[in-house]
Amino acid sequence: MAFLARSLLRRASSSSRFAGGIGGAGWRRWMSDEAAGYHLTGGPAYMRGAVFWEANKPLTIEDFNMPRPKAGEVLIKTKACGVCHSDLHVIKGEIPFASPCVVGHEITGEVVEHGPLTDTHITKRFPVGAHVVGAFIMPCGSCFFCTRGQDDLCEDFFAYNRAKGTLYDGETRLFLRSNGKPVFMYSMGGMAEYCVVPAHGLTNLPDSLPYTESAVLGCAVFTAYGAMAHAAEVRPGDSVAVIGIGGVGSRIARAFGASDIIAVDVHDEKLQKAKVFGASHTINALKEDVAEKIREITGGRGVDVAVEALGKPLTFAQCTQSVRDGGKAVMIGLTQAGAVGEIDINRLVRRQIKVMGSYGGRARQDLPKLVKLAESGIFNLKAAVSRKCEFEEVGKAYQDLDQGKIIGRAVVEII
């Protein structure tokens, strides 16, 4: 910072363009303009990001002024970002979100800069140059729920980011280079060369774990873990059905000690992949009655836990019908705004069926655990990622995801 100031003063002293000399109004305007063209750590002054403009229109890659972190925030040089269905719901206009916005919420990267007045505990935990992974739910750390350890219900995250597309002071960190206009952020707006993340949404990534594959820890794995750990509370020996399989859910269920793990989907290729990830049984929902087949596998009882990952009324019903008496039906799939799921009320009441939603894990407590799971080999990251894309291919990646051409997880490399 001192080097930047000295450099600007030298340039100002040699200039004759300032009416009133150094310290005058012209000098102050020049200093502001010049400083905006510098990155305090010596990096580039500008970056690129993938912008969603309006529903069902192609993403475009735009130039941005370098985003600046504020107190408690970290500027990350993005190394990789996952391609997720949640982004796709926004891109297709199924879930309302502020636009234009930079999508992408499943990132790994390198710490570049801390916001002014950031607590020293944070700067020591995430020193410049540290490798990190970010969770899509970025807890503020101080609201009603965060102070109770329920990061997944963070009030500021939902009130500001999901409702307004900003961080927790009500402002975005993204401004177009061409005209300075603001662009909103879906989570941290991770499909960009740099992103600003509230520090409580980060954890350290060891050198032994690769940037690209580790990106899925921040959403795909994070979401499955949250469902199994906090909503379903899966215990060793439980039977679990995952409806709408991506492979991750069955692997996390196995890590919790589940015995029978039943993968349900309509794509045989996905079902085969689920077996690699630990599924003991598979059901193709186009060929068999899901609830009936699950009861057959479980001796007529139904599973202890069913997890629904698609957000469709049909699969919602399949999920609630597949659990045993007293069982838990956990919904993690997002869908078009206003969609409604139906349930047999008498069965719900008489048989004590528990129906609950789960949006994701709890960043401060869960993300470090997921890194340990990956580091120990319990969760195979490389097997989870089926496609790697270049940054310029981001639009095609979302098109392929929408068309069902991606089996597993795609990750965009932004190195």
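Q: Why are α10 and α11 called roughly parallel to each other?
A: In this predicted model, helix α10 (residues 290-297) and helix α11 (residues 313-322) pack at an angle of about 25 degrees. Angles under 35 degrees count as roughly parallel, and α10 and α11 are therefore given that description. The axes of α10 and α11 are 9 Å apart, and α10 passes α11 in a right-handed crossing. The contact is made by V290, A291, I294 and R295 on the side of α10, and by Q318, Q321 and S322 on the side of α11.

Q: How do you know that the span of helix α7 agrees with its 12 residues?
A: At 1.5 Å a residue, the 12 residues of α7 (residues 220-231) should span 16 Å, where the expected span is 1.5 Å times one less than the number of residues.

Q: What makes α7 a mostly covered helix?
A: Buried means under 20% relative accessible area, and 11 of the 12 residues of α7 are buried. Among them are A220, V221, F222 and Y225. Just after α7, E233 takes a positive phi of about 50 degrees.

Q: Why is D400 called buried?
A: D400 has a relative accessible area of 3%, and the word buried applies under 20%, so D400 is buried. The place of D400 is in helix α15 (residues 394-402), and, leaving aside residues up to four places away in sequence, D400 touches R387, K405 and I406.

Q: What makes β9 covered on both faces?
A: In a regular strand the side chains alternate between the two faces of the sheet. In β9, Y194, V196 and P198 are on one side and C195 and V197 on the other, and all of these are buried. For β9 (residues 194-198) as a whole, 5 of its 5 residues are buried.

Q: How do you know that β3 and β9 pair?
A: Two strands pair if there are at least two bridges between them, and β3 (residues 73-83) and β9 share 5 bridges in the antiparallel sense. In β9, V196 is the bridge partner of L75.

Q: Why do β2 and β7 stand at the edges of their sheet?
A: The sheet is open and is formed by 5 strands in the order β2-β1-β4-β8-β7, with mixed pairing. β2 (60-65) and β7 (174-175) each have a single partner strand, so one side of each is left without a neighbour in the sheet. At the β7 end, 2 bridges join β7 to strand β8 (residues 182-185), and β7 and β8 run antiparallel. L174 stands opposite V183 in β8.

Key
Residues numbered from 1 in each chain as written. Predicted model: local features only at pLDDT ≥ 70, side-chain atom pairs only at ≥ 80, totals over all residues. Heavy atoms only, no water. Buried < 20%, exposed > 50% of the residue type's maximum accessible area, 1.4 Å probe, protein only. Helix = DSSP H or I, 4+ residues; strand = E, 2+ residues; numbered from the N terminus. Contact = heavy atoms within 4.5 Å. Axes fitted to C-alpha atoms, helices over the stretch in contact; angles between N-to-C directions. Parallel < 35°, antiparallel > 145°, perpendicular 65-115°, else oblique. Left-handed = near helix turned anticlockwise from the far one by under 90°.
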